[in-house]
Amino acid sequence: MVLQLAVFVLLSKVAVALVGLAVRTRPGAVASGLLNGALLAGLAQIWVFLVAFEQTGVPAVVYYLPSGWGLLAVQGRWWALAALAALVVLLLAVWAALLGERSGTTRRSGRARRPMTAATANGAIVAKELRTWSRDLVRNHQLTFALAYAACFTTSPLLLGWNGMLPYTGPIFIVMAAAMSANVYGFDGTALWLTLMMPGTSDVRGRQLAWLAAHAPVAIVLAVACTAVTGGPWPLVLALTAALLGGAAGLVPWVSVHLLVPGTDPHRRAGNPLRTSEDDGGLTGLAYLMLVLVILTGAPAALAALLWGWAGVAAGVVSGAACWWWFGLLAERRLRSRGPELLDVMRTGRKPETTVTSRFDRLSRRRKTVAWYCFGFGAIPLVPQGIVAAVFVANDMLRHTWFLATYMPEGLRYPVAGGFMLLGLAMYGAGLWAVRPAATRQDAPDAASDAAARESAPDAPSEAAARQGAPDGS
């Protein structure tokens, strides 16, 4: 057990060190995104592999991999014990060699670049953003991660001979891509000061158009191609694709300017250029929140497509355009009114005096535990026991593994699946209610002293914001 644990720990250290070296180049960042997306999709669809192994048996080669040497040693094959010890020594030497590698900067291309021309301010933002999507290793990684996750998630059930998830590859790609770019302003760091130095301007619309230009072609190709393979359902897939594209393009800047996680400026990223922030928990929470919000923007179009068929596609286009315009407008207003405070958060990592606290911080330990269980396990009744089970029942796939609705009598199958969906939504609703924010002001001055301070120094806030806006105090 000790040797097996040492192998796992050292394998992790060596893998992280190798990835850190590989991701300094664009091919390495793309390969890392593909691998990470495939692994996470495999974990999300682990039931597929369990059922497949139950039907065909675990391949014999699995027992002879290093992960099984400890078990083989216990069973009396002592060569496995010696192999474990030798592997520990080898991995320790490799890790030591990798630690000695200097953490250099990312390789820069010396090729000449075409000058960027644009006739309008939004055109300049779109051009800048598209170049960033093609050059920044972080965004390369995010795009390929979303693509690999969507493709592997929907193709995994093919191992069981079921292609019912394949048409939804495009919508799943959109949702995951939005979650990956939920902190888009944080990824750019203090470059926001360039926009703030131009009074009355905003780059939100340009960022929205660039996000669509980078993701919409991929999503549309995936949706059309995968739906063509299965022959449908065309109205539902097209309605979801249109609604989710608009919803994601609207929510990405809106969530980023409201719940920004301070990140590292791109030119200051060290050995691992894909590490954009020290607050990994904040980035993870932001990604989960974006997943839920984007899915909600597609729900009305999906319902319309299920009820009225092709009319749902028009509903998806309308709802997507409305989300794109409305959330973009809210993000613009927020950026113009709170831009200096947002920049200060980026530069210092500290929240302004007006902070946002949550009910979760004031809950008892028992209620906090309940809230965590709601967020952690709400997906189980909603997705597999609810949505997926309803799809199985609709396709007459009865008595299927652990999906309870497929074992019910004919009159109870859909009610049971619907009940699980309601249970999952109720769990998420309870969790959101528990942690909904409530703004509080710390050490708020009284109105008279506040007014006197404004009269004595009317230009101080703007001058301070301008000084804070310039990087490195310039």
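Me: Which helix gives the most to the lining of the largest cavity, and how do you know?

Reply: α11 does, with four residues. A lining residue has an atom within 4 Å of a cavity point, and R207, Q208, A210 and W211 are among those that pass; α11 runs over 204–230. Before we go on: this is a predicted model, where local features need pLDDT of at least 70, side-chain atom pairs count only at pLDDT 80 or more, and totals for chains, interfaces and linings use all residues. Residues are numbered from 1 along each chain as its sequence is written, and side-chain values use heavy atoms, with hydrogens and water left out.

Me: Why is that space called a cavity?

Reply: Because on a 1 Å grid over the protein atoms alone, a cavity is a set of points where a 1.4 Å probe fits but cannot get out. The whole structure has one such space of 30 Å³ or more, and the largest cavity holds about 70 Å³, the volume being the space filled by probe spheres set on the points.

Me: What makes seven of the lining residues nonpolar?

Reply: Ala, Val, Leu, Ile, Met, Phe, Trp, Tyr, Cys and Pro count as nonpolar, so W133, V184 and P253 are among those that qualify. One polar and two charged residues complete the lining.

Me: How much of the protein is called buried?

Reply: Buried residues, those under 20% relative accessible area (1.4 Å probe, protein chains only), make up 40% of the 474 residues.

Terms used:
Buried < 20%, exposed > 50% of the residue type's maximum accessible area, 1.4 Å probe, protein only. 1 Å grid on protein atoms, 1.4 Å probe; cavity = no way out; pocket = protein on both sides within 12 Å on 5 of 7 lines; lining within 4 Å. Helix = DSSP H or I, 4+ residues; strand = E, 2+ residues; numbered from the N terminus.
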